[in-house]
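I opened the model and kept notes as I went. The entries follow in the order of looking.

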Amino acid sequence: MDSMISHRTGSRIEGETSTAEVVAAIEQRLRQAERLVLPLDETLDLLAQLQEFELGRFLLHNRGLNGYWTSYIFRYSSGDPTSTPLEHWLLNRSLLRGARERFHRFKAEIARHVTDGAVLASVPCGVMDDLLQQDYRGVSGFRLVGVDIDAESLALAKENAAQRGLEEHCDFLLRNAWQLDVEGEFDLVVSNGLNMYESDPDRLVELYRNLGRSLRVGGTLLLSFLTPPPPPPWEAPERAHEWDRYGITEEDLRRELSLFGDIVQAKYLNFSSEAEVRAQLEQAGLEVAFVSYSPTGVLPIVSATRVR
């Protein structure tokens, strides 16, 4: 089994010593940096605050998210309790809000495919909220397939399915998305976020080709992707208005770029234009049906069809 590209630990970070070692290495890197978004003292304060809550520690260790923490972010509702002020900021004022909004748009698109006899797959599935949170009342003969390289995520997805009374409709595969070894089986494949960890265009085409091959002819691949953001407003004031579409203030953006850029160095920030994604999907043998954006024109979802 190939290694995971999004994370390398379990959801719970065990042992203060291991975190202290990670933090010491990050602090050394920050002190040696020639340029930071925020002053060094503010950056180090954010680093200290990240150690105070579980999601923060997971980000420090992994520079990405797993199924559990993705679900934690997406299930959050305004007013839910948080453990620290920084966690509250992350869930309410950072760009993670937009990712959560897109997840709900994803679910709305998936709902169109919930029909009698449909075979729906999520790759990677994480805890499989995208499929398991759908309304299957009155629907018969459907099957849900969760594919993930992370055994912990699959175990959580199985628990999730059981809690929702859907376990009899589910199959779970411990498998690499690049090596699905599934041909013509699914009516819908959903993949929300995996491509954001991969920067090699050839690898992305290979991923899309494997996902497309798993579809029946006429089946749908539903993907998200990240388009290149504008430059920070303090670097290009003439384009500052473009950040209004993201719903984030300049102060929060500085904190965002400091936390996910300077400190965490997040691995899931690989950007692609719509034209690049369209070309990659077509190269993989898929036909793009539509690309939809949020009401403010960001965070796209693309739907593509297997035509042969």
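Predicted model: local features only at pLDDT ≥ 70, side-chain atom pairs only at ≥ 80, totals over all residues.

Where is the place of Q179? I found Q179 in the loop between β3 and β4. Helices (H or I, at least four residues) and strands (E, at least two) are DSSP runs, numbered from the N terminus.

A note on sources before going on. Residues are numbered from 1 along each chain as its sequence is written, and side-chain values use heavy atoms, with hydrogens and water left out.

I looked up the exposure of Q179. Q179 is partly exposed, with a relative accessible area of 48%. My cut-offs: buried is under 20% relative accessible area, exposed is over 50%, and partly exposed is in between (1.4 Å probe, protein chains only). Q179 lies 31 residues from N210 in sequence, yet 7.1 Å from N210 in space, C-alpha to C-alpha.

I then checked D181. D181 also sits in the loop between β3 (170–174) and β4 (186–191). D181 is exposed, at 73% relative accessibility. Its phi is positive, about 55 degrees, although D181 is not a glycine. Most residues other than glycine have a negative phi, and most peptide bonds are trans.

**Entry: whole chain**

I counted eleven helices and seven strands in the chain. The radius of gyration is 20 Å, close to the 19 Å that the globule rule gives for 308 residues, so the chain is as compact as a globular protein of that length. The radius is taken over C-alpha atoms, and the rule is 2.2 Å times the number of residues to the power 0.38. Along the principal axes, the C-alpha atoms fill a box of roughly 60 × 45 × 35 Å. Buried residues make up 51% of the 308. I also looked at contacts, meaning heavy atoms within 4.5 Å. Among contacts between residues at least 6 apart in sequence, 71% join residues at least 24 apart.

**Entry: helix α9**

Helix α9 covers residues 201–213, 13 residues in all. From first C-alpha to last it reaches 18 Å, close to the 18 Å expected at 1.5 Å a residue. The expected span is 1.5 Å times one less than the number of residues.

**Entry: the cavity**

Grid points are joined across faces, edges and corners, and a volume is the space filled by probe spheres set on the points. I found one cavity of 30 Å³ or more. The largest cavity has a volume of about 50 Å³. Its lining residues, those with an atom within 4 Å of a point, include L204 and Y208. N195, M196, F225, L226, N270, S272 and V277 also line this cavity. By class, the lining has six nonpolar, three polar and no charged residues. Ala, Val, Leu, Ile, Met, Phe, Trp, Tyr, Cys and Pro count as nonpolar, Asp, Glu, Lys and Arg as charged, and the others, Gly among them, as polar.

**Entry: α10 and what follows**

Helix α10 (residues 250–263) has 14 residues. It reaches 18 Å, close to the 20 Å expected. Buried in α10 are D252, L253, E256, S258, L259, F260, D262 and I263. Just after α10, I noted Q265, with a positive phi of about 50 degrees. Q265 belongs to the loop between α10 and α11 (274–283). At 34% relative accessibility, Q265 counts as partly exposed.

V145 is in strand β2 (residues 143–148). V145 is buried, at 2% relative accessible area. Beyond four places in sequence, V145 touches residues including V119, L120, A121, M128 and F186. I also looked up P124, in the loop between β1 (119–122) and α7 (129–132). A cis peptide bond joins V123 and P124, with omega about -10 degrees.

How values were computed
1 Å grid on protein atoms, 1.4 Å probe; cavity = no way out; pocket = protein on both sides within 12 Å on 5 of 7 lines; lining within 4 Å.
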